[in-house]
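Me: I am new to this structure and would like to go through it by question and answer. Please present it first.

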Amino acid sequence: MIQLIRGFKDILPGEVEVWQHIESVARGLFEDFGFKEIRIPIMERTELFARSIGEDTDIVEKEMYTFPDRKGDLITLRPEATASICRSYIQHKMYAEDPVQKFYTIGPMFRRERPQKGRYRQFYQINAEIFGVASPLADVELIFLLKTLCERLSAGDVEAHINSLGCPECRPVFKTALQEYIASRTEALCSDCARRKDRNPLRVLDCKVPGCREAMQKAPSIIDHLCPACTQHFNTVQASLASLEVPFIVDKRLVRGLDYYTRTTFEIQTRSLGAQSAVAGGGRYDGLVKMLGGPDMPATGFAIGFDRLAEVVDLDKQAYIKKPDLALGIDGIQASMDFEGRSLKSQMKRAGRCGARYTLIVGEDERATGQAILRNMTTREQVSVPLAELVKNIKPLIKK
Ligand code: AMP
């Protein structure tokens with residue numbers, strides 16, 4: 001038997017209803033916040049991801065599904081959505097009409113990571129991006145939206161971890177201070193960190209290897225190196241989150257290694273998720289649109305791990321599973337019909353198994369008399385209903 005690919009998964013009926021529920025709540029919320037949906041391709045030129053995510057990252061170094069197409073062009077299954085959304089914003093010159101654009105998209109991403117619980121090779125994300133707004137309030141809006149989404153989905157208490165990465169003015173000073181600190185502890189680092197410490201010292205800060213964590217405990221904090229403009233930006237983020245009653249902690253380990261990431265960076269954790277507690281990650285990338293050939297345009301965004309969110313709301317799964325109201329196909333009433341002409345008894349059994357609240361029995365006798373039988377599957381009570389104008393007659397009887 002052919003099995004699915006390792007790290008990939010089927011989302012089966014029973015679970016799909018939870019996914020649909022999340023999707024519809026998310027769409028409703030995005031619309032309330034003025035975001036428009038954008039749909040971007042599953043594949044892009046490899047170069048787009050290599051340039052935007054960075055050659056020196058785990059994703060580009062070892063996790064992308066990249067292959068030459070039949071003409072030899074290198075293409076990649078998208079590992080994330082931001083790069084494609086930026087490409088689209090630039091390619092269609094959307095900034096010319098209005099530099100401020102707010103987008104969301106929902107769909108699968110592909111990374112060849114080591115599979116484990118909460119970590120897949122095809123996983124789904126809900127992405128949001130705001131272009132053209134330099135104000136810290138755009139970052140706050142994104143974090144507030146995430147908190148509201150988790151609340152509407154009863155996805156547990158959330159906490160925002162936030163940090164600032166500074167800007168091209170103040171970050172180089174911090175990088176130098178960090179490199180000096182790292183140089184005094186090189187022997188304690190894992191082999192990955194030893195390799196990337198010179199090119200990308202910020203990556204050493206968020207390495208999960210216990211030895212590296214220990215070694216970096218007393219590392220300098222970027223907050224102490226921010227220029228006045230970045231300090232003010234970060235203070236506004238914190239004050240606004242506090243006034244919106246969004247719980248947050250400043251987490252100096254939260255970094256991204258690439259130069260186009262600027263200022264606010266954040267991660268949303270929920271207490272219901274266990275080890276893989278990050279349900280979403282995001283932040284500002286004021287330098288990316290320009291780096292990809294567009295105008296100098298600020299931007300900020302996030303990616304929610306859909307699979308992880310689904311695991312959290314999974315607790316109330318039963319509440320979202322739609323059960324047919326009636327075991328027959330009728331307009332305006334959720335119904336399913338037996339097509340196999342089995343005995344009445346086995347049809348009843350099936351109707352019971354699929355969770356139908358009522359069954360409508362229409363056999364030879366019923367057709368002759370013009371009266372069908374409506375059976376309540378819980379109380380087993382039966383009543384006659386005229387077949388003429390059946391829907392109109394049934395609706396008041398099966399009202400919840
Ligand atoms: P990232 O794009 O790496 O910042 O990830 C954003 C969010 O996507 C994370 O917080 C996770 O919830 C989710 N995520 C990332 N990688 C995976 C994966 N391999 N499997 C499932 N969810 C993932």
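Reply: Two strands pair if DSSP finds at least two bridges between them. Helices (H or I, at least four residues) and strands (E, at least two) are DSSP runs, numbered from the N terminus. This is a predicted model, in which local features need pLDDT of at least 70, side-chain atom pairs count only at pLDDT 80 or more, and totals for chains, interfaces and linings use all residues. Residues are numbered from 1 along each chain as its sequence is written, and side-chain values use heavy atoms, with hydrogens and water left out.

Me: Which residue in β11 stands opposite E129?
Reply: Strand β6 and strand β11 (residues 299-305) pair in the antiparallel sense over seven bridges. In β11, the residue opposite E129 is G301.

Me: What is the bridge partner of P108 in β6?
Reply: β6 also pairs with β5, in the antiparallel sense and over ten bridges. Within β6, the partner of P108 is Y124.

Me: How many of the ten residues of β6 are buried?
Reply: Buried means under 20% relative accessible area, exposed over 50%, and partly exposed in between (1.4 Å probe, protein chains only). β6 is mostly covered, and its count of buried residues is nine.

Me: Why is the pair of F8 and F110 tilted?
Reply: Rings of Phe, Tyr and Trp (its six-membered ring) pair if their centres lie within 6.5 Å; planes under 30 degrees apart count as stacked, over 60 as edge-to-face and the rest as tilted. The whole structure holds twelve aromatic pairs. For F8 and F110, the ring centres are 6.4 Å apart, and the pair is tilted because the planes stand at 40°.

Me: How many residues apart in sequence are the parts that F8 and F110 tie together?
Reply: F8 is in the segment before α1 (16-32), whereas F110 belongs to strand β5 (residues 101-110). F8 is buried at a relative accessible area of 19%, and F110 is buried at 8%. The pair therefore ties together parts whose separation in sequence is 102 residues.

Me: Which elements do the buried residues of α4 pack against?
Reply: Helix α4 (residues 82-91) is mostly covered, with eight of its ten residues buried; among them are I85, C86 and Y89. Contact means heavy atoms within 4.5 Å. The elements packed against these buried residues are β2 (43-45), α2 (46-53), α5 (94-97), β5, β6 and α12 (288-291).

Me: Over the face of which residue does K9 lie?
Reply: A charge sits over a ring if NZ of Lys or CZ of Arg is within 6 Å of the ring centre and within 35 degrees of the ring normal. K9 is 4.1 Å from the ring centre of the residue in question, Y120.

Me: At what distance from an oxygen atom of the ligand does a polar side-chain atom of R111 lie?
Reply: A residue is near a molecule or strand if one of its heavy atoms lies within 4 Å of it. Of the 13 residues around the ligand, those that come nearest are R111, E113, Y120, Q125 and A278. A polar side-chain atom of Q125 lies 3.1 Å from a ligand oxygen atom. For R111, the corresponding distance is 2.8 Å.

Note on methods
Polar contact = N/O pair within 3.5 Å; in protein donor to acceptor, adjacent residues only side chain to side chain.
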